[in-house]
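User: I would like to learn how to read a structure like the one shown here. Please start with how its parts touch.

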Amino acid sequence: MTEAEQREHYEKVMGIVGKVVMYTLHSRGDVICRDDLIDELRKHKKEAPTKEIKALLNDAIKMVER
C-alpha cells in the first residue's frame, strides 16, 4: 500500500470513528468511554451493508482498542 493509499484508508477509518462518536454522543449523552465506542462500532459492523464498510469498521475497532 502506498503512502497515499494509507492516508486515504486512515481518513476513511477516522471518518467512520468520528461518525460513530457523534451518533453515540447524540444518543447516549455527553460522556462515553472507549468500551461504549467499541460496542457501537461492533453494532454498526454487524449492520454494515458491504464488505468494504465491514473492513473499515474492523480497522476502526482495532484502532480504538489500541
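Analyst: A contact means heavy atoms within 4.5 Å. In this predicted model, residues 24 or more positions apart account for 44% of the contacts with a separation of 6 or more. Local features need pLDDT of at least 70, side-chain atom pairs count only at pLDDT 80 or more, and totals for chains, interfaces and linings use all residues. Residues are numbered from 1 along each chain as its sequence is written, and side-chain values use heavy atoms, with hydrogens and water left out.

User: How many helices and strands does the protein have?

Analyst: Helices (H or I, at least four residues) and strands (E, at least two) are DSSP runs, numbered from the N terminus. Here there are three helices and zero strands, in the order α-α-α.

User: What share of the residues is buried?

Analyst: Buried means under 20% relative accessible area, with a 1.4 Å probe and protein chains only. Of the 66 residues, 23% are buried.

User: Which residues of the largest nonpolar core touch the most other members?

Analyst: Nonpolar side chains tend to be buried together in soluble globular proteins. A nonpolar core is a set of buried Ala, Val, Leu, Ile, Met, Phe, Trp, Tyr and Cys residues joined through side-chain atoms within 4.5 Å. The largest one has 13 residues, and Ile-16, Leu-37, Leu-41 and Val-64 touch the most other members. H1 (3-28), H2 (34-47) and H3 (51-65) each supply at least two residues of this core; the largest share, five residues, comes from H3.

User: What does Leu-41 contact beyond four places in sequence?

Analyst: Leu-41 is in contact with Ile-16, Val-20, Leu-57, Ala-60, Ile-61 and Val-64.

Methods. Buried < 20%, exposed > 50% of the residue type's maximum accessible area, 1.4 Å probe, protein only.
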